[in-house]
Amino acid sequence: MTASPDLGTPRTAAPDLLRSVFRQHAAGVAVITAQGAAPVGFTATSLTSVAADPPLLSFGIGTGASSWPAVSEAAHVGVHILGEHQEELAATFARSGADRFGPATSWRTGPEGVPLLDGVLAWMVCRVVARVPAGDHRIVLAEPVVGDPAGPGRPLLYHQGRFNALRN
């Protein structure tokens, strides 16, 4: 089998190939939060609906991430779907060393002690059911226990290394 002329030159599988390919994949932007000694959180584009019955979702987190120690021990996490008006919030939770729960972030303590962000499109508090090793990451499987899908606005997307809004 030969490649069609418009496919380009194939590259050997490596971490940079994976990153390059996934830059072409538009993804919704979420923030995952947990309560440790202090609240922690991180921006995630790996959020996936896994099953409807029982309801399960998953997300990935690097074991070197500053939030990992708290997430590795947390019984519950917060999952927040960000709106296109929350690009700065997404950037804050993605930035290493940022004061993620500082004065610029509007949040409250929700059910199960989970930090909940204000003004998001939707949120859920989820019970962690498994943490599956996956290279230098863990895939966290979680079951929603309570949430609100009725926030205003349209979703924030991540594509080609930057945040974007949907077009009409």
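Predicted model: local features only at pLDDT ≥ 70, side-chain atom pairs only at ≥ 80, totals over all residues.
Residues are numbered from 1 along each chain as its sequence is written, and side-chain values use heavy atoms, with hydrogens and water left out.

Helices (H or I, at least four residues) and strands (E, at least two) are DSSP runs, numbered from the N terminus. Two strands count as paired if DSSP finds at least two bridges between them. Strands of a sheet pair through backbone hydrogen bonds, either parallel or antiparallel.

Strand S2 spans residues 30-35. Five of its six residues are buried, so S2 is largely enclosed by the rest of the structure. Here, buried means under 20% relative accessible area, exposed means over 50%, and partly exposed lies in between (1.4 Å probe, protein chains only).

S2 pairs with strand S3 (residues 39-44). The two run antiparallel and are joined by six bridges. Ala 34 has Val 40 as its bridge partner in S3. A hairpin of three residues connects S2 to S3. S2 also pairs with strand S6 (residues 76-81). This pairing is antiparallel too, over four bridges. Ala 30 stands opposite Ile 81 in S6.

A further group of strands forms an open sheet. Its three strands lie in the order S1-S11-S12, with antiparallel pairing. Strand S1 (27-28) and strand S12 (162-165) are the edge strands, each pairing on one side only. Two bridges link S1 to strand S11 (residues 156-159) in the antiparallel sense. Within S11, Tyr 158 is the bridge partner of Ala 27.
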